[in-house]
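Let's take a walk through a protein model, starting with its sheet and ending with its rings. Have the structure open as you read.

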Amino acid sequence: MLLQYDALILPEYASLCREYSDLSEVGLWLEIVEPLVRDSSLSWHGRFPWDWHNDVGFLIGYTPEQRTVLIDRAFEKFRELFGYYPAVAGSWH
């Protein structure tokens, strides 16, 4: 199961994933959401905390440098919660 950052940071989801880790691999779903941008010290330009438009909701809407910051933050948060980096990540783009 792949967790988007806004789900990853909710304790109940991380706890549930740990509880069933023997049944399913946990990884990251890399759509860009406001909490990830904010936690990466970048400016959110979306209309909602999850905005499906390409220029805010996906990595393509950010500079290469910003993409690195966003990806690093998501992977570090995952490691902080699960004790390891995800072996799998996915995205529409």
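## The sheet and its surroundings

In this predicted model, strand β2 (residues 27–29) pairs with β3 in the parallel sense, over two bridges. Across that pairing, Leu-28 sits opposite Ala-89 in β3. Helix α5 (residues 64–82) packs on the sheet and touches β1, β2 and β3, and its direction makes about 145 degrees with that of β2.

Zoom out and you'll see an open sheet of three strands, in the order β1-β2-β3, with parallel pairing. β1 (2–4) and β3 (89–90) are at the edges with a single partner strand each, so one side of each has no neighbour in the sheet.

Now hop over to Ser-40, in the loop between α3 (34–39) and α4 (54–57). Is Ser-40 buried or exposed? Its relative accessibility is 9%, so it counts as buried, the cut-off being under 20%. A polar atom of its side chain lies 2.7 Å from the backbone oxygen of Leu-36. Leaving aside neighbours within four places in sequence, Ser-40 is in contact with Val-69, Leu-70 and Arg-73.

Next, the rings. The whole structure has six aromatic pairs. One of them joins Trp-29 and Trp-92 edge-to-face, 5.7 Å centre to centre with 90 degrees between the planes. Trp-29 is in strand β2 and Trp-92 in the segment after β3, so this pair ties together parts 63 residues apart in sequence. Trp-29 is partly exposed at 22% relative accessible area, while Trp-92 is exposed at 65%. Elsewhere, ring pairs link Phe-48, Trp-50 and Trp-52 into a cluster.

Two arginines lie over ring faces:

| Arginine | Ring | Distance from ring centre |
|---|---|---|
| Arg-18 | Phe-82 | 5.6 Å |
| Arg-47 | Trp-52 | 5.0 Å |

Note on methods:
Residues numbered from 1 in each chain as written. Predicted model: local features only at pLDDT ≥ 70, side-chain atom pairs only at ≥ 80, totals over all residues. Heavy atoms only, no water. Pairing = 2+ DSSP bridges. Helix = DSSP H or I, 4+ residues; strand = E, 2+ residues; numbered from the N terminus. Contact = heavy atoms within 4.5 Å. Axes fitted to C-alpha atoms, helices over the stretch in contact; angles between N-to-C directions. Buried < 20%, exposed > 50% of the residue type's maximum accessible area, 1.4 Å probe, protein only. Polar contact = N/O pair within 3.5 Å; in protein donor to acceptor, adjacent residues only side chain to side chain. Phe/Tyr/Trp six-rings, centres within 6.5 Å; stacked < 30°, edge-to-face > 60°. Lys NZ or Arg CZ within 6 Å of the ring centre and 35° of its normal.
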